[in-house]
Amino acid sequence: MNRFLIIILISLSYSCVAQTSKRVFKSFDYQGKKISYAIQLPKDFDSNKTYPIAVGPSEAKSNDDQSFYWRGVKDTQGWILLDFPIYEGKETEVAAFLDYINSTYNVEGDKFHTICFSANSASIFRLVMSIPEYFHSITGVAGNPGTRNFQELTKLKEVKVRFVVGDKDTYWMGAAKDRHSKLLEARVDSEIEIIKDGKHVLTGLIGAGVIKRMNKLR
């Protein structure tokens, strides 16, 4: 085979590999223990470039354990997606993890986006309120802060908040509307989107739908 043709084929082979969104199961050391997480890099990842990074709630016990609203995503659309037990609300542990990620990758704005849903939302909102300096946005699908305490909600002043809820999910829609109103009173950048005919689990938003909404919060 012509040597020039071989070089072209090898180059195309590497190009195809680069087009695959990479997902890796890893761990980092924190106070003598190893904490697992999974990370999915965007297509054509370049370590010299800056990327928006989102961290989603997951037990992260294996490479297949993904945050629900980006489960099975093949194309991260330019995002770095992290799976981590953020729902446990251990602020010093989460802060150490985010510091570690920030020292390893070029994080857009040096702040992270996060997502929460249903039962894990109150604990994740509390976490963001406890270390708001680490977060650029939080999206609840469906989710809300739980608390209506004005002083607590003002801690989100530097964080963009988005509620996404189905109109058939009456309890969570009512709670989201209420907390959205309270956040506006606290002068927090808050938005609410009500999905027509949407139920509690908005499966139609998995992947591209959620990433599209996070993009609007950058």
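Predicted model: local features only at pLDDT ≥ 70, side-chain atom pairs only at ≥ 80, totals over all residues.
Tutor: A strand is a DSSP run of E, at least two residues long, numbered from the N terminus.

Student: Why is Ser190 called buried?

Tutor: Buried means under 20% relative accessible area. Ser190 has 8% relative accessibility, so Ser190 counts as buried.

Student: What does Ser190 touch, not counting residues up to four places away in sequence?

Tutor: Ser190 touches Val161, Phe163, His180, Leu183 and Leu184.

Student: What makes the link between the side chains of Ser190 and His180 a polar contact?

Tutor: The cut-off for a pair of N or O atoms is within 3.5 Å. The side chains of Ser190 and His180 make their polar contact at 2.7 Å.

Student: Now the rings. How many aromatic pairs does the structure hold?

Tutor: It holds 13 aromatic pairs.

Student: Why is the pair of Phe28 and Tyr100 called stacked?

Tutor: Rings pair if their centres lie within 6.5 Å, and planes under 30 degrees apart count as stacked. Here the centres are 5.5 Å apart and the planes are at 20°, so the pair is stacked.

Student: How do you know that this pair links distant parts of the chain?

Tutor: Phe28 is in strand S1 (residues 23-30) and Tyr100 is in helix H2 (residues 91-104), 72 residues apart.

Student: What makes helix H3 (residues 121-130) largely enclosed?

Tutor: Seven of its ten residues are buried, so H3 is largely enclosed by the rest of the structure. Among them are Ile124, Phe125 and Leu127.

Terms used:
Residues numbered from 1 in each chain as written. Heavy atoms only, no water. Phe/Tyr/Trp six-rings, centres within 6.5 Å; stacked < 30°, edge-to-face > 60°. Helix = DSSP H or I, 4+ residues; strand = E, 2+ residues; numbered from the N terminus. Buried < 20%, exposed > 50% of the residue type's maximum accessible area, 1.4 Å probe, protein only. Polar contact = N/O pair within 3.5 Å; in protein donor to acceptor, adjacent residues only side chain to side chain. Contact = heavy atoms within 4.5 Å.
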